[in-house]
Amino acid sequence: MYEFNREEYEKRVRWFTEARFGMFIHWGIYAVPGRGEWVKSQEKIPDEVYDRYFEEFDPDMYDPKKWAKLAKKAGMKYAVLTTKHHDGFCLFDSAFTDYKATNTKAGRDLVREYVDAFRAEGLKIGFYYSLLDWHHPDYPHMTDRHHPMRGNPDYPDEGRNFDRYLDYLHNQVRELCTNYGKIDIIWFDFSYADMRGEKWRATELVNMVRELQPGILIDNRLEGSGSEQGSLMTGDPLPYHGDFACPEQIIPPRGLVDAKGKDVVWEACVTMNNHWGYCRTDGYFKPASMVIKKLVECVSKGGNLLLNVGPDARGRIPDESVKILKEVGRWMERNSESVYGCGKSTLPKPDYGRLTQRDGNTLYIHVFDNTVGPLPVIGVKQEDILSARDLATGTELRAKGGWMCSDYPDTAFITLGENPVLPDPDDTVIRLKLRKE
């Protein structure tokens, strides 16, 4: 009978809740058509047509050292790379398929280079691996809701052996957990309908992963998708529960708390534009100011942000993504103290921004909008403040209001100075040191 060990669990996730910010990398042969990672399914492309992208894949400008340096400069602490997406193409040199990067014009194991480059920058290593496979002959074709050949009578499911596919899946995961040294995260994607849990031989799979990679973190998508958070939410998780929930393209309105009232570890995975994989025509990028605010929102609710990049077919991260990440990095260089190791505050969210908190007496006020007059800190009394500092510069701020604040004796006020314009229009951060209770 499986018994959840919370002490071991909390020890395992500690680095993750300290890190708070990671890079997701969606990359594969779908970058050649440049219409997103789901193009094979959405356009119902048969293998004989899609295979031309395999033949053309030649990432001559792939330089994961540049990727890793960019991630580190942006303030990210870990990365997750798609080793195999739903189309079944493998960026790694698997012994169980010919459908892999070593058999393309790339001619080498692209995952190996990623691992070496990101490790060299001191970043944690994550592998994404799709449970789906639209290339494997034993994966359901006609009756599967996502397969490119769904509903096509020319591709019946008769003669396909799903157990044989599961052996393939497990063997590839074993390779990923064996051939690349210490791996910090494995990110399975995803479950739906009856394709969930033990359909994947999930307990066996998780036990193997944990045996090969002690301390590794596993996401929760053996149980569900980006809209289902699984048995972690019950407080009594199943044997194949993940270590963290991963809401997709949404930040939970109030964070995540299980049925027993305990905070759930979570990570919002979010695209920079509207696609995960490279899409040539998608120029709808989130500006750096929005990314900064969304990162802070995640932390203020007790979560992480996994921000995606989709390199092109030649292996380059799009210029707009690079520009945004460099801008985020400039903010993080000055203000990362308010992100790393921080979480939600016990105080109410202010109208002008958000709060993050490191411990019982270090509070970070993230000011997004100007106030008229001194800045109110509801829930804190003036006498509780030991110091107030502009985090970016270390400059002292006066922890006092004025005559206009006299009607609010139970609220502390911070005076930002004579200039009504915030020093940082994206997010001005104030660090308060409070008296310990």
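Begin by selecting helix α6, residues 110-120, where Leu110, Val111, Tyr114, Val115, Ala117 and Phe118 are buried, buried meaning under 20% relative accessible area with a 1.4 Å probe and protein chains only. Helices (H or I, at least four residues) and strands (E, at least two) are DSSP runs numbered from the N terminus. This is a predicted model, in which local features need pLDDT of at least 70 and side-chain atom pairs count only at pLDDT 80 or more, while totals for chains, interfaces and linings use all residues. Residues are numbered from 1 along each chain as its sequence is written, and side-chain values use heavy atoms, with hydrogens and water left out.

Now move to the start of α6, where a side-chain oxygen of Asp109 reaches to within 3.0 Å of the backbone nitrogen of Val111.

**A cavity to finish**

Finally, select Trp27, Gly28, Ile29, Tyr30, Thr82, Lys84, His85, Asp87, Phe89 and Leu91, which line the second largest cavity; a cavity is a set of points on a 1 Å grid over the protein atoms alone where a 1.4 Å probe fits but cannot get out, and lining residues have an atom within 4 Å of a point. About 30 Å³ of space lies in this second largest cavity, a volume being the space filled by probe spheres set on the points, which are joined across faces, edges and corners.

Definitions and conventions: 1 Å grid on protein atoms, 1.4 Å probe; cavity = no way out; pocket = protein on both sides within 12 Å on 5 of 7 lines; lining within 4 Å. Buried < 20%, exposed > 50% of the residue type's maximum accessible area, 1.4 Å probe, protein only. Polar contact = N/O pair within 3.5 Å; in protein donor to acceptor, adjacent residues only side chain to side chain.
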